[in-house]
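Subject: Structure handover

Hello,

Here is the structure for you to look through. My notes on what turned up follow below it.

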Amino acid sequence: MPLVPVLPARDVVIFPGVIAPLFVGRPRSLKSIEEASLSDKNLLIVAQRDNSAEDPAPSELYNVGTLCQVIQMVRIPDGSTKVLIEGTSRAIVQSYYPAGEYLSAEIIQVDYDGELSSGAEPLRRVVLEQFERYVNLHPKLPIEIAFSLASVEDCFLFADIVASHIQVKISEKQELLELLNPEDRLDRLLRLLLRETELLEMEHTIHDKVRKEIERNNKEYYLKEQLKAIQDELGQPEGISEYEELLQRIKRAKMPKEVAKKATSELDRLSKMPQMSAEATVSRTYIEWLADLPWKKKTSDSIDINLAKQVLDEDHYGLDEVKERILEFLAVEHLRGKGAGKGQVLCFVGPPGVGKTSLGKSIARALNRKFVNFSLGGVRDEAEIRGHRRTYIGALPGRIIQKIKQVGVMNPVMLMDEIDKVGTDFRGDPSSALLEALDPEQNKGFTDHFLEVPFDLSRVMFITTANVTHSIPRPLLDRMELISIPGYVVEEKLNIASRHLWPKVLKDNGLDGYNVKISDKIMNKIITEYTREAGVRGLDRQLSKIARKVAAKIVRETGEGHKAPKSTSLSMATLKQFLGAPKLHETRLPQKDSIGAALGLAWTETGGDVLVIETVAMKGSGKVIFTGNLGDIMQESAQAALGYLRYRASRYSLGAVEWDKIDIHVHVPEGAIPKDGPSAGVTLALSMLSALTERPINSGIAMTGEITLRGTVLPIGGVREKALAAKRNGISTVIFPKDNDVDVDELAEWARHGMTFRYVSNVSEVFNMALLEKKGN
C-alpha cells in the first residue's frame, strides 16, 4: 500500500464513522493535511503518547490510528487551520517515515470480518441505556447525543460513536480503538460507563451537599441579620455569635477545670454587658488571653546527647568546658525523665559577644523545643514580670505569659537576657517577681496578676544571661546554675571568623554567590589591630563593613559595564582602604623595658584586660598623687604598697630616700575608664620601686595580686580572664599569687600553651623576677 500522510493528534482519538473538527497549527501537520487534500489521499490520524512533544518522534506515537477524509479546511486569522475530518477505517502502522516535509507511514487497513454473536444486540442496548444515564449526569454532553444513538443499530458504528463521546483518558480511548471486535469494544465500553457514571453520581452528591450547606449558611446569615435588626430595635446587645465563638475557644483550649470555670463565669458576665462598654472590652480581652494560652499544648522533647553535642559543635567553636557542662545538664534532665517537671535554671555569665544567646538557641534546637527570648535590661517595674491587674486601663499579662502565648507551647526554651541589669524603684522589684518564676518548687502554679489563675511554668526551660553576677540579688542567684563563658583568644577568634562569622556576613550582604576570600594573615590583623574585646561582636561589625565595601565595589563595576569577578581576595592595601588605619596599636603597651612602667592584669565586664601602671618620683613635699580615675580600693592598695616599701626601705636600697622631699605620682592611662579593685597591689609596688631605684622593669611580664603591709601576696579572682588577656596581648609570662595555682591548673590546654606562669607568696619574689639591673651597671 502506498504511503499516507500522518497527522499526530494531541488529547484526541478519532474513531471510524465519526465527523470531528480539529485545529492544526504545527507546520509538519499542516503539510500532511495539504498533501492529503491535494493528492486526494486519506489522512492517517494517530494519537501521541506524550502530549508535550511538539514534533513527536515515531516512538512517541501509537501504532494504531484512523484513516480519515478531509471534508473541509479553513484558515483562521491566528495562523492555525480548522479541519473537518471524517473517520473511515482503522489502520495499523507498519513503519513511520519521518523524513521530508511531513510525517508519512506505511499502513495496513484492518476491518473485523467475523460474525457477531446473538449477545451483541442485548449488549448494545445495555450500553445505550448506560450511556443515556452517563449523558444525563455529565454537564458538558447534550442529551441529543443519546437520542441520536437510539436509531443506530449497527454495532460497529454504535460502539465507535459511544467511544468518541465518552470522557476518559486518551490511553483508554486508544485501547478501544485497538479492539477490532465490536462486542469486545461494547463490553469494555460498558465497564468504563459504569465506572464513570458512578463517579459522576458521587460528584453530584457532593455538589448537592455543598449547595445545601451554602443554602443553610445563607439562611442562618439572613436570620441572624434579622435577629440583629430586631435586637437593635429593642435596644438589646448583639452578643450571641460572639458568645458561642468564645465558648468554643474556651473548650478547645483544654484548660484546667478551675481555669475553665473562671473563664466560663467571665463569659456569662460578658454576655450580660453592653458591648460598647469599657468593662466588656476588658472582660473580652481577659477571656481571649485565657483561651489563647497553651494550657496543654507542648512539643515532644528529644534529649539525644550525641545530637546535642553535634548541634553545639556546629553552632559554636571552642567553649569545650561550657559545652560539656550543658551536656551534663541535659543528661541529668534525660535521666530524671521528661515528666519530672522541675529542674535547675541555667545562667550563662560572660562578657558581651561570646555567644550566650546563641547557646540558648542551640539548646532549644538540640531538645527539639521552640525558642523564645526577651531582655530584662532596664526593667524596673514588677508588673513587667507579673503583669498588671485588670483594674488598670490597657492592662496586659507580664512578659513571661506574653512569650508563652507567642510561642504557642507550654514547654519552650525561654531565654532571659541581661538579668544582671534588672533595676528597682518605687514600682516594685522585678527580681523578686522572678523568684517565683525561676524557682522549680514554686513555678508550677505561677500566678500572673492579669490572669489571676495559676499557670504551669515547670515545663519551661529557663536560661538567663548576665555579664556579671555581683549585681544579681543573692536569693535569685541561688536559684540558678552558673556557667561561666570566658572570652576568646586570637586563635579562637580566627576559627570563629572563618567558620561562622565570615560565611554569615557574606550571606547577609548578598555575597554568598561570590568567592570573597580573607586570608588568615589578614583576618589576624583585623582581630588584633581593629578590635580588642573578649567576644566577637566588634569583629562581626568590622567584617560586615568589609562586606558592604566589597558589595558596593561589585555593583559599581557591574554598572560601568565590567563583569563582576567571581573570586576576590582581600589584600593589605584593600584592608586599609576599607577599614582605614588600625584603630589599636601595640604601642599602647611598653615595647621595651622601662623605668616605672609595670603591666598589671585586670578583670572587666567585657573580659580581662592589661593595665599599664606608671610611676614617677620627683622633688616635692612628700605627697602621693593618683590620676587615671582610680577607685578608693585601688588607691588604698597603692598606699599599702608604698607603706610596705617604706617599711622595708633598707632591704630595697631606699634608705637614703628623703620621703618628705619627694612627690610620688601614680598614673594609669585611659583615664576616662574607672578602675578599682585590690588585685593591682603587686603591680603598684613594683612600679613605685622601679621609679624610686631607677631600675627598669621587664616589659614581657604581667602580674596580678593583692598586697599586704608585710608584703604577703593574697589570691585574686578572674584568673581565667586575666590569663586570656595576657595571651591576647602577646604577653607570655604571668605572675600569679601562689594560692591561685589551682585556678591556673583548671585552664584549658590551649589557654596554657605558650604561656609561663610563675607563682609568688611575697612581693619580694615579684621584684626579683621583674626588676632588671640599673642601666650602666
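Predicted model: local features only at pLDDT ≥ 70, side-chain atom pairs only at ≥ 80, totals over all residues.

The axes of α10 and α11 come within 10 Å and cross at roughly 150 degrees. Angles over 145 degrees count as roughly antiparallel, and α10 and α11 are therefore roughly antiparallel to each other. On the α10 side, the contact is made by Ile 305, Ala 308, Lys 309, Leu 312 and Asp 313. On the α11 side, Lys 323, Ile 326, Leu 327, Leu 330 and Ala 331 take part. By class, this contact of α10 with α11 has seven nonpolar, no polar and three charged residues.

Next, α11 against α12. Helix α11 covers residues 320-336, and helix α12 covers residues 356-367. They pack at an angle of about 40 degrees, with their axes 12 Å apart. α11 and α12 are therefore oblique to each other. The crossing of α11 past α12 is right-handed. Which residues meet here? Val 322, Ile 326 and Leu 330 in α11 meet Leu 359, Ile 363 and Leu 367 in α12. The class count for α11 with α12 is six nonpolar, no polar and no charged residues.

The remaining pair in these notes is α10 with α12. Helix α10 spans residues 305-315. Its axis and that of α12 come within 9 Å and cross at roughly 145 degrees. α10 passes α12 in a right-handed crossing. From α10, the contact takes in Leu 307, Ala 308, Val 311, Leu 312, Glu 314 and Asp 315. From α12, Leu 359, Ser 362, Arg 365 and Ala 366 meet them. By class, the contact of α10 with α12 has six nonpolar, one polar and three charged residues.

Now the cavities. How many cavities of 30 Å³ or more does the structure hold? There are two. By class, the lining of the second largest cavity has eight nonpolar, three polar and no charged residues.

Best regards

How values were computed:
Residues numbered from 1 in each chain as written. Heavy atoms only, no water. 1 Å grid on protein atoms, 1.4 Å probe; cavity = no way out; pocket = protein on both sides within 12 Å on 5 of 7 lines; lining within 4 Å. Points joined across faces, edges and corners; volume = space filled by probe spheres on them. Nonpolar A, V, L, I, M, F, W, Y, C, P; charged D, E, K, R; others polar. Axes fitted to C-alpha atoms, helices over the stretch in contact; angles between N-to-C directions. Helix = DSSP H or I, 4+ residues; strand = E, 2+ residues; numbered from the N terminus. Parallel < 35°, antiparallel > 145°, perpendicular 65-115°, else oblique. Left-handed = near helix turned anticlockwise from the far one by under 90°. Contact = heavy atoms within 4.5 Å.
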